[in-house]
Amino acid sequence: MNLRLPAPLRRMLTIVRKELLVLLSNRTSRFLIVVPPLLQIVVFGWAATMEVRNVDVAVLSRDSGLWSREILHRIDGSPTFRSVFHLMGGQEVRPVLDAQKVLFVLVFDEEFSRNVERGEPAELQVILDGRRSNAAQIAASYLSQIVEGVARATPMAGAAEAQAEDAAPAVPKLDVRTRCWFNPNLEFQWFFLPNLIGMLSLMLGLVVTGLSVAREREVGTFDQLLVSPATPTEIALAKLVPGCLIGLAHGTLFLLITVFGFGVPFNGSVALLYVAMLVFSIAAGGVGLMVSSLSATQQQAFLGAFTVGVPCILISGAVTPVMNMPVFLQRASEINPLRHFTTLCQGVFLKDITLGAALVNLGKIGLISVAAVSVAVWMFRRRA
């Protein structure tokens, strides 16, 4: 017995088949759909990092004692710091910073080691290059850990503590031990690569769906499509399907590269991730269809996709924490599907997110998808 599909569904599948043939029959289109996203996830995986490494440091030491040499020895042995330049005088500090030869300069005064031995306050000046503020702050934090390690190792500090214990009531010592859950070594790739799946899927959905209607108008086939038996609503919904299929295909490739290529752990449900990718692709396609409905040419649609996509990425929390943003941007990000997909994706990869938390984020993405598709279909029908 032959299974006969309803007429509206048959018409939509015909348009979907036509869209896929248009996308995949052209060599340039195939190249743009496949190669750039794969290159981006590989390049971003290796190049994009918030960690600070290979730092060059300059030192102006007026102290020849043990403890300044110990700090320098630990800096030289740290994998964070690449080289240590010794300056001969204060007049050399500004030139090395102006030329960006070093990230910061350490200055030891004449009494540094002597004050450490006596148990008195010892001053160490750090002059940072404020033009690279983020890297300078992170490197300064690494330096603070080294200095604190040296301070704990000073014998005079131990003697001073013993004398203080004899002279005053015992004060409980604090032994702080840090343990990071979900990402024990604070690997930046573990944080960034799951986010990159959402970012690249968003841009693919915007571009693929956004160019579809604009391409029809540009080549003159849009009017022919409107006089076909398919209604404008069926045409609009059919235009969403190729972008969703391509988004799922790329999501699979990104998942394999992230897990097996970069070693990012995957602790959650594969089925949950695919459901989230499908709903998220529908939301991205709906926004792309809005852009396409307002564009007369493919160039306008391409620029419109980037105009919408880049702010969505910036306020999603995939690059910078949402809590650091102004309150109005935090509220605006609630209607951004990438924010909720990023939260869900991080949870699926690193901590096996609970079903309740996953359904909350999935529900928000679903509501945004329904709203985006409804508005996109309404705009498409008005422009048809």
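Predicted model: local features only at pLDDT ≥ 70, side-chain atom pairs only at ≥ 80, totals over all residues.
1. Four strands make it up, it is open, and the order reads β2-β1-β3-β4 with mixed pairing. The edges are β2 and β4 (124-128), each of which pairs on one side only. Ignoring direction, neighbouring strands are turned by 25 degrees against each other on average.

2. Now the parallel part. β1 (residues 55-61) and β2 (residues 81-86) run parallel and are joined by five bridges. If you want a spot to look at, take Ala58, whose bridge partner in β2 is Phe85.

3. The antiparallel part sits with β3 (residues 104-108) and β4, which are also joined by five bridges. Here you can check Phe108, which has Leu124 of β4 as its bridge partner. As for the helix on this sheet, α3 packs there and touches β1, β2 and β3, with its direction at about 160 degrees to that of β3.

4. What do β1, α3 and β2 make together? They form a β-α-β unit, and it is right-handed, with α3 spanning residues 66-77.

5. The crossing of α1 and α10 is right-handed. On the α1 side the contact includes Pro8, Met12, Ile15, Val16 and Leu23, and on the α10 side Ile235, Leu237, Val241 and Leu245 are among the residues involved. Charged residues take part too: the contact of α1 with α10 divides into 13 nonpolar, no polar and five charged.

6. The other pair is α10 (residues 232-261) with α15 (residues 355-383). Here the axes come within 9 Å and cross at roughly 130 degrees, and α10 and α15 are therefore oblique to each other. This crossing is right-handed. From α10 the contact draws on Pro232, Thr233, Ile235, Ala236, Leu237 and Leu240, while α15 supplies Val373, Val377, Phe380 and Arg381. By class, that gives eight nonpolar, one polar and one charged residues.

Definitions and conventions:
Residues numbered from 1 in each chain as written. Heavy atoms only, no water. Axes fitted to C-alpha atoms, helices over the stretch in contact; angles between N-to-C directions. Helix = DSSP H or I, 4+ residues; strand = E, 2+ residues; numbered from the N terminus. Parallel < 35°, antiparallel > 145°, perpendicular 65-115°, else oblique. Left-handed = near helix turned anticlockwise from the far one by under 90°. Contact = heavy atoms within 4.5 Å. Nonpolar A, V, L, I, M, F, W, Y, C, P; charged D, E, K, R; others polar. Pairing = 2+ DSSP bridges. Right-handed = clockwise from strand over helix to strand, strands pointing away.
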